[in-house]
Amino acid sequence: MPVVFRFFSVFPLWLLHVMGAAMGWVAFAASPTYRRRFLANAALAGYSFAQVRGAVAHAGRMVAELPRLWLGAPLPCSLVNEACVNAAYAAGRGIVFLTPHQGCFELSAQVAARRWSAERGPITVLYRPARQPWLAKVMETARNRPGMLAVPTTLSGVRQMIKALRRGEAVGLLPDQVPPEGQGLWAPFFGRDAYTMTLAARLAQQTGAAVVLARCERLSWGRGYVTHFETLPAPLSDQMDQAVLQINQAMEHLIRQSPEQYLWGYARYKQPRAEAAAPAAGGAA
């Protein structure tokens, strides 16, 4: 499989996206479970299938572009509203970048690292290692690159993130990812309670870091990407339940800006799995 990834990493982006769109529709047609979840999640947010049908193809494009994203030449991406990121760094605080499962979400951390790491230090991103050894090795190699440091979802990884923030550096997370049991709270997400991580809020609360929202939009016909940055509309609450709700609402806001690129088929409302070691930020240093 690593050879296959290398092979596809040199394909032009437009071709990967054409193949990915076809893959997305095949997956949608072949899996009743995926199709039902996609339609149910979109309906909860108030969208008809006609309004979000583009998300079927975009889900496939997300998979097809991974070889290029991880192993190929840097992808073209412009930045919108860099000023809010510059202001956060200028204030002498670290930054917690938050992005939903939308567009090319992994690229947002890469382009932020390309833009600011030389001056402001690397961006530390949290990721869950793959179970397949070959894929875990590819992911580790791809995500640890100049200006970026990938850390696993363990207590050690969380400690590294806290240290980075206290140095005034940045970290990146996907706060709409369902955490293991004991590492989240139930909070509304598009009107239905979803088990939501507390880690993103804890990192900001414990270090005084600024929260910056990021949304990486995929342009048509392989023309590249645009990453949009913005701040929270109000300071993050000191109360954990309210802070988690604020983050969910911020993710809803980003998703509604380009709902056709959100992963509606993601099992956002599933029950959390049991896991032995909880990477809670409390007490880590």
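The structure is a predicted model. Its second largest pocket has a volume of about 300 Å³, and the largest cavity has a volume of about 40 Å³. On the surface, Trp 14, Val 18 and Trp 221 make up a nonpolar patch.

**Second largest pocket**

- Lining the second largest pocket are 16 residues.
- Those that lie nearest the centre of this pocket are Arg 93, Ala 209, Ala 210, Val 211 and Leu 236.
- Two or more lining residues come from each of helix H7 (82-90), helix H11 (199-207) and strand E8 (210-218).
- H7 gives three residues, the largest share of the lining.
- Sorted by class, the lining of the second largest pocket holds 12 nonpolar, two polar and two charged residues.

**Cavity**

- The structure contains one cavity of 30 Å³ or more.
- The volume of the largest cavity is about 40 Å³.
- Its lining consists of Asn 41, Phe 189, Phe 190, Tyr 262, Trp 264, Arg 268 and Tyr 269.
- Five of the residues lining the largest cavity are nonpolar, one is polar and one is charged.

**Surface patch**

- Trp 14, Val 18 and Trp 221 together have about 390 Å² of accessible area in their nonpolar patch.
- Trp 221 sits in the loop between E8 and strand E9 (225-231).
- Trp 221 counts as exposed because its relative accessible area is 69%, and the cut-off for exposed is over 50%.
- Strand E8 (210-218), on one side of that loop, also gives two or more residues to the lining of the second largest pocket.

**Buried residues in helices**

- Ala 250 belongs to helix H12, which spans residues 240-257.
- Ala 250 is buried because its relative accessibility is 7%, where buried means under 20%.
- Ala 250 and Thr 99 are 151 residues apart along the chain, and their C-alpha atoms are separated by 9.3 Å.
- Leu 107 belongs to helix H8, which spans residues 105-120.
- Leu 107 has a relative accessibility of 0%, so Leu 107 also counts as buried.
- Between the C-alpha atoms of Leu 107 and Asp 238 the separation is 30 Å, with the two residues 131 apart along the chain.

Key
Residues are numbered from 1 along each chain as its sequence is written. This is a predicted model: local features need pLDDT of at least 70, side-chain atom pairs count only at pLDDT 80 or more; totals for chains, interfaces and linings use all residues. Side-chain values use heavy atoms; hydrogens and water are left out. On a 1 Å grid over the protein atoms alone, a cavity is a set of points where a 1.4 Å probe fits but cannot get out, and a pocket is an open set with protein on both sides within 12 Å along at least five of seven lines; lining residues have an atom within 4 Å of a point. Grid points are joined across faces, edges and corners, and a volume is the space filled by probe spheres set on the points. Helices (H or I, at least four residues) and strands (E, at least two) are DSSP runs, numbered from the N terminus. Ala, Val, Leu, Ile, Met, Phe, Trp, Tyr, Cys and Pro count as nonpolar, Asp, Glu, Lys and Arg as charged, and the others, Gly among them, as polar. Patches are made of residues with over 30% relative accessible area and no salt bridge: like charges are joined within 9 Å, nonpolar side chains (Val, Leu, Ile, Met, Phe, Trp, Tyr) within 5 Å. Accessible areas come from the Shrake-Rupley method with a 1.4 Å probe; for residues, only the protein chains shown count as cover. A salt bridge is a side-chain nitrogen of Lys or Arg within 4 Å of a carboxyl oxygen of Asp or Glu. Buried means under 20% relative accessible area, exposed over 50%, partly exposed in between (1.4 Å probe, protein chains only).
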